[in-house]
Amino acid sequence: MAATVTRVAHACALLDFDGQAVLTDPWFSEKPGYYRGEPLAWTPATLPRLSAVVASHDHYDHYDVGAFSAYPDKAVPFIVKRGMADKARRAGFTNVTEAEPWEQVTIDGLQVTAAPARHGVPEITFVIQGAGKTIFFGADTLKIPGLDEVPRRFPAIDAALLPVNGLRIRPAFNRQVVMTAEEAGEYCAVLRPTVAVPIHYAFTAGRLRDRLFLKYDGTPERFQRAVARQAPGTQVRVLAPGEPLTLGD
Ligand SMILES: [Zn+2]
């Protein structure tokens, strides 16, 4: 039994558990202030059949239900943070479940567990299990003490997708809202995943908006160095959109 991790773009990824595919944080369209900065590996129309979709928080670059409503199967199980379901239902999705940390949803042999997060708006992360594999999806959370509970409940994580761009909001006194590459490295020492895949780093708001509103503090290369230093048991794989990573036995 094997699982495959493939990034779609940004924090949107396709996790395949022996043929059961789970899509994370759907983001398929750009608009002023929201640019992927990397190619899009799939569109909603070209995606494989999905067994589930998870969405961590209601930011456009993680919960683009407008564009994702082009996905044909509106009955796909859709698991979101509490308070987000209405928006997906208005976009036509009929099987939406809201979750808070440690609530679990079982779908056809897949187990989705919500986990803690902290960001600019209410957020959850996810532990997704299937085909004997366990994957942690870190969305774009800060590194918070609550996340230390994940390895206590899930001591064997095969892969972790972790944000690394350390985003700060300039007009909010440079408030940090996403973990930095080094913090993601520190979290690998806690989580001890076999493989770590950096996500959430190519995004840009555009030159002017970046200068006015945002600050970035982290790259995949910095994450690689941090993990080598702080969590040498974890292997880092930097994946281009569409490049599959197979988690073997
Ligand atoms: Zn966000």
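Two strands pair if DSSP finds at least two bridges between them. Keep that rule in mind as you move through this predicted model.

**Stop 1**

Select residues 168-169. This is strand E12, and 2 bridges join it to strand E15. E12 and E15 run antiparallel. Now pick out Arg168. Which residue in E15 is its bridge partner? It is Lys215.

**Stop 1: a hairpin and its neighbour**

Go to residues 104-107, which make up strand E7. E7 and E8 run antiparallel, and 4 bridges join them. Find Val105 and look across to E8: Val112 stands opposite.

Next, look at the turn. E7 and E8 form a hairpin, with 2 residues between them. Asp108 is in that turn, and its phi is positive, at about 50°.

Select Ala114, then its bridge partner in E9, Phe126.

**Stop 2: the nonpolar cores**

In soluble globular proteins, nonpolar side chains tend to be buried together. Here, the largest nonpolar core has 31 residues. Select Val5, Leu15, Phe17 and Leu161, the members that touch the most other members.

Stay on Leu15 and show its contacts. Leaving out residues up to four places away in sequence, Leu15 touches Thr4, Val5, Gln20, Ala21, Val22, Thr24, Ile128, Ile135 and Leu161.

There is also a second, separate core of 25 residues. To find that core, select some of its members, including Leu147, Ala160, Ala184 and Tyr187.

**Stop 3: a buried serine**

Select Ser51. Which strands lie on either side of its loop? The loop runs between strand E3 (20-24) and strand E4 (52-55). Ser51 counts as buried because its relative accessibility is 14%, and buried means under 20%. Show what surrounds Ser51. Not counting residues up to four places away in sequence, Ser51 touches Gln20, Ala21, Val76, Pro77, Ile107 and Leu110.

**Stop 4: salt bridges**

The model holds 11 salt bridges.

Begin with Glu100 and Lys81. Their closest N and O atoms are 2.6 Å apart. Glu100 lies in the loop between strand E6 (96-99) and strand E7, while Lys81 is in strand E5 (residues 78-81), so this pair ties together parts that are 19 residues apart in sequence. Glu100 counts as partly exposed, at 24% relative accessibility. Lys81 counts as buried, at 11%.

Next, select Glu103 and Arg82. Their side chains meet in a salt bridge, 3.1 Å from N to O. How many residues apart are they? They are 21 apart, and the pair links distant parts of the chain. Glu103 is in the loop between E6 and E7. Arg82 is in the loop between E5 and helix H2 (85-90). Glu103 counts as partly exposed, at 32% relative accessibility. Arg82 is partly exposed as well, at 41%.

Finish with Arg152 and Glu149. This salt bridge spans 2.8 Å, N to O. Both residues belong to helix H3 (residues 149-153), and they are separated by about one helical turn because they are 3 residues apart. Arg152 is exposed, with a relative accessible area of 60%. Glu149 counts as partly exposed, at 21%. Salt bridges that share partners join Glu149, Arg152 and Arg153 into one network.

**Stop 5**

Leu208 is found in helix H5, which covers residues 207-213. Why does Leu208 count as exposed? Its relative accessibility is 53%, and exposed means over 50%.

Methods: Residues numbered from 1 in each chain as written. Predicted model: local features only at pLDDT ≥ 70, side-chain atom pairs only at ≥ 80, totals over all residues. Heavy atoms only, no water. Core = buried A, V, L, I, M, F, W, Y, C linked by side-chain atoms within 4.5 Å. Buried < 20%, exposed > 50% of the residue type's maximum accessible area, 1.4 Å probe, protein only. Contact = heavy atoms within 4.5 Å. Salt bridge = Lys/Arg side-chain N within 4 Å of Asp/Glu carboxyl O.
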